[in-house]
Amino acid sequence: ACLFLMEVILRVCVYGMRAFFCGPTRGWNIYEAGLVIFAFTEAGVALAMSGRTESQSPISALFFASLRILRLARIGRIVRVGRLPMFAELVMMINGAIGGARTFMWSQFLILLPLYVFALIF
């Protein structure tokens, strides 16, 4: 969380407060700033609840666990970068690796099947 806080502070310093919150990427910037605030809030609550059991805590741990799903949207930003023309070869390599994974799994199955049969016999 501290590294992400430093990243947000550095980007605010580089772009300026107005460009950071009102520029063309303001949605992502606000989202990432919110994630950083949420991470520190979660750490503070976890520290405050460290000696309590689930039944004694006023804030449900399940609530914070469900909010962690929002962090997955950060992956969407990485996918958006993959659409740039300079990453076309990288995207092609990733697609090839994903396509080859199915073939690899079947080859592993065909190699391990006779091994399993011989292990049962001997």
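Partly exposed means a relative accessible area between the buried limit, under 20%, and the exposed limit, over 50%. The model shown in these views is predicted.

**View 1. Glu 7 and Arg 11 pair within helix H1.** Glu 7 has 31% relative accessibility, so this residue counts as partly exposed. Arg 11 is buried, because its relative accessible area is 14%. The two side chains form a salt bridge, with the closest N and O atoms 3.9 Å apart. Four residues separate them in H1, which means a spacing of about one helical turn.

**View 2. A salt bridge joins Arg 11 to Glu 32.** Here the N to O distance is 2.4 Å. The pair links distant parts of the chain: Arg 11 sits in helix H1 and Glu 32 in helix H3, 21 residues apart. Both residues are buried. Through shared partners, the salt bridges connect Glu 7, Arg 11 and Glu 32 in one network. The salt bridge count comes to two. Side chains of opposite charge can pair when their charged atoms come close.

**View 3. Helix H1 crosses helix H3.** H1 spans residues 2-15 and H3 spans residues 26-48. Their axes come within 10 Å and cross at roughly 145°. The crossing is left-handed. From H1, the contact draws on Cys 2, Phe 4, Leu 5, Glu 7, Val 8 and Arg 11. From H3, the partners are Asn 29, Glu 32, Ala 33, Val 36 and Phe 40. By class, the contact holds seven nonpolar, one polar and three charged residues.

View 4. Ala 1 and Ile 37 are 36 residues apart in sequence, with their C-alpha atoms 8.9 Å apart. Ala 1 has 48% relative accessibility, so this residue counts as partly exposed.

**View 5. The protein chain has six helices and zero strands.** From the N terminus on, the elements run α-α-α-α-α-α. The chain has 122 residues, of which 16% count as buried. Take contacts between residues at least 6 apart in sequence: 63% of them join residues at least 24 apart. The accessible surface comes to about 9,900 Å². Carbon and sulfur atoms account for 75% of that surface.

Terms used. Residues are numbered from 1 along each chain as its sequence is written. This is a predicted model: local features need pLDDT of at least 70, side-chain atom pairs count only at pLDDT 80 or more; totals for chains, interfaces and linings use all residues. Side-chain values use heavy atoms; hydrogens and water are left out. Axes are lines fitted to C-alpha atoms, for helices over the stretch in contact, and angles run from 0 to 180 degrees between N-to-C directions. Helices (H or I, at least four residues) and strands (E, at least two) are DSSP runs, numbered from the N terminus. A crossing is left-handed if the near helix is turned anticlockwise from the far one by less than a right angle, and right-handed if clockwise. Contact means heavy atoms within 4.5 Å. Ala, Val, Leu, Ile, Met, Phe, Trp, Tyr, Cys and Pro count as nonpolar, Asp, Glu, Lys and Arg as charged, and the others, Gly among them, as polar. Buried means under 20% relative accessible area, exposed over 50%, partly exposed in between (1.4 Å probe, protein chains only). Accessible areas come from the Shrake-Rupley method with a 1.4 Å probe; for residues, only the protein chains shown count as cover. A salt bridge is a side-chain nitrogen of Lys or Arg within 4 Å of a carboxyl oxygen of Asp or Glu.
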